[in-house]
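Reader: I'd like to learn how to read a model like this one. Could you walk me through it?

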Amino acid sequence: MAAAKAGRNDPCPCGSGRKYKQCCAVKQDGGSKFGTYALIAVLVAIAGVIVYTFTADAGAGSRQVWDPVHGHYHTVP
């Protein structure tokens, strides 16, 4: 026969003498916050790479030069 799941106010099955909600229930919920923060950090890093990719200059050696005849900048190699 399978053991019943411990309720929040039942004694903790680890033998500490504390209630489950004040002992092992807290330990089980703590890991989910780290996972959430890690996922957010990865998503922010991916978004940063995407933004950098689309905003970086196409030609690595290109530069902008002002053309007074036309009144705007031109890209030159």
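Author: We'll go from the overall layout to a few single residues. This is a predicted model, where local features need pLDDT of at least 70, side-chain atom pairs count only at pLDDT 80 or more, and totals for chains, interfaces and linings use all residues. Residues are numbered from 1 along each chain as its sequence is written, and side-chain values use heavy atoms, with hydrogens and water left out.

Reader: What is the mean pLDDT of the chain?

Author: pLDDT is the predictor's confidence in each residue, from 0 to 100. Here the chain averages 79, with 77% of its residues at 70 or more.

Reader: Which elements does the chain have, and in what order?

Author: Helices (H or I, at least four residues) and strands (E, at least two) are DSSP runs, numbered from the N terminus. This chain has one helix and two strands, running α-β-β from the N terminus on.

Reader: How many disulfides turn up in the search?

Author: A disulfide is a covalent bond between the sulfur atoms of two cysteines. The cut-off is a pair of cysteine sulfur atoms within 2.5 Å. Searching the whole structure gives zero. Take C14: the closest cysteine sulfur, in C12, is 3.5 Å from its own, too far for a bond.

Reader: What does K19 touch?

Author: Contact means heavy atoms within 4.5 Å. Leaving out residues up to four places away in sequence, K19 touches R8, N9, D10 and C12. K19 sits in the segment before helix 1 and is partly exposed, because its relative accessible area is 38%.

Reader: And D67, which residues does it touch?

Author: D67 belongs to strand 1 (residues 63-67) and touches H72 and H74, again not counting residues up to four places away. Its side chain also makes a polar contact with the side chain of H74, at 3.1 Å. A polar contact is a pair of N or O atoms within 3.5 Å; within protein, one must be able to donate a hydrogen and the other to accept it, and residues adjacent in sequence count only if both atoms are side-chain atoms.

Reader: Where is the nearest side chain of opposite charge to D67?

Author: Lys and Arg count as positive and Asp and Glu as negative, while His and the chain ends are not counted. A salt bridge is a side-chain nitrogen of Lys or Arg within 4 Å of a carboxyl oxygen of Asp or Glu. For D67, the nearest such side chain is R63, 13 Å away, and D67 is buried yet has no salt bridge.

Definitions and conventions
Buried means under 20% relative accessible area, exposed over 50%, partly exposed in between (1.4 Å probe, protein chains only).
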